[in-house]
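Morning, everyone. I'll take the sheet, then the aromatic rings, then the pocket. Please have the model open.

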Amino acid sequence: MAFTLESPAFEPGQTIPEPYARNGGNLSPPLQWKNPPAGTRSFLLVVEDPDAPRGMFRHWAVYDIPAGRDRLPEGTAGPESFRQGVNDFGNAHYDGPQPPKGHGVHHYHFRLSALDVETLNPSGETAIADLLAHAGPHVIATAELVGTYESR
């Protein structure tokens with residue numbers, strides 16, 4: 001069985017609803033996953049927009065998610081909930097889709113990586129790019145969900 005990531009809020013390839021957009025409710029969407037590989041000791045979730053005008057834009061990272069979890073509830077953006085990386089807005093919490101008006105449809109990649117370590121142990125607030133580099137050697141498998149959003 002494949003390692004999969006899904007959301008009850010939107011189907012793969014479909015529009016991310018307004019409550020999860022930065023200029024909407026800015027809530028992180030509910031996410032759930034199935035069939036992580038054997039040897040998984042923690043998870044890292046990253047949300048990226050490769051369609052941003054200046055290239056890859058990182059919206060959110062949650063790390064050190066315990067291996068026993070199989071979901072993140074809606075609104076898991078608070079700093080007290082989980083360890084979170086610093087996004088490209090400069091925040092250590094979820095910031096949803098907010099592409100420039102007139103820039104067309106953007107694709108938001110929610111990537112959940114199964115890791116072979118319990119913790120990434122970064123020092124202090126860590127940028128998402130640095131988390132990804134640190135996690136790279138520990139990735140066993142990755143599940144992905146892509147949603148779209150366009151500012152009007």
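Before going on, the ground rules. This is a predicted model, so local features need pLDDT of at least 70 and side-chain atom pairs pLDDT 80 or more, while totals for chains, interfaces and linings use all residues. Residues are numbered from 1 along each chain as its sequence is written, and side-chain values use heavy atoms, with hydrogens and water left out. Strands are DSSP runs of E, at least two residues, and helices are runs of H or I, at least four, numbered from the N terminus.

Now the sheet. β1 and β2 are antiparallel, paired over three bridges. Two strands count as paired if DSSP finds at least two bridges between them. β2, residues 31-34, also pairs with β5, antiparallel again, over two bridges. Gln 32 has Arg 71 as its bridge partner in β5. Leu 31 has Leu 72. Put together, that is an open sheet of three strands, in the order β1-β2-β5, with antiparallel pairing. β1 (4-6) and β5 (71-72) are the edge strands, each pairing on one side only.

On to the rings. Phe, Tyr and Trp rings (the six-membered one for Trp) pair if their centres lie within 6.5 Å; planes under 30 degrees apart are stacked, over 60 edge-to-face, the rest tilted. By this rule there are five aromatic pairs. One is Phe 57 with Phe 89: edge-to-face, 4.8 Å centre to centre, 70° between the planes. The two residues are 32 apart in the chain, with Phe 57 in strand β4 (residues 57-66) and Phe 89 in the loop between β6 (83-84) and β7 (106-115). Phe 57 is partly exposed at 21%. Phe 89 is partly exposed too, at 28%.

Next, Trp 60 and Tyr 94. Their ring centres are 5.1 Å apart and their planes at 80°, so this pair is edge-to-face. Again distant parts of the chain are linked: Trp 60 sits in β4, Tyr 94 in the loop between β6 and β7, 34 residues apart. Trp 60 is buried, at 0% relative accessibility. Tyr 94 is buried at 1%.

Back to Phe 89. The charged end of Arg 22 sits over its ring, 3.6 Å from the centre. The test is CZ of Arg, or NZ of Lys, within 6 Å of the ring centre and within 35 degrees of the ring normal. Separately, Phe 3, Trp 33 and Phe 43 form one aromatic cluster.

Last, the pocket. How many residues line the largest pocket? The lining has 14, with Ala 52, Pro 53, Arg 54, Phe 57 and Pro 100 nearest the centre. β4 and β7 are the elements that give two or more residues to that lining. A pocket here is an open set of points on a 1 Å grid over the protein atoms alone, where a 1.4 Å probe fits, with protein on both sides within 12 Å along at least five of seven lines; lining residues have an atom within 4 Å of a point. That's the tour.

Technical notes
Buried means under 20% relative accessible area, exposed over 50%, partly exposed in between (1.4 Å probe, protein chains only).
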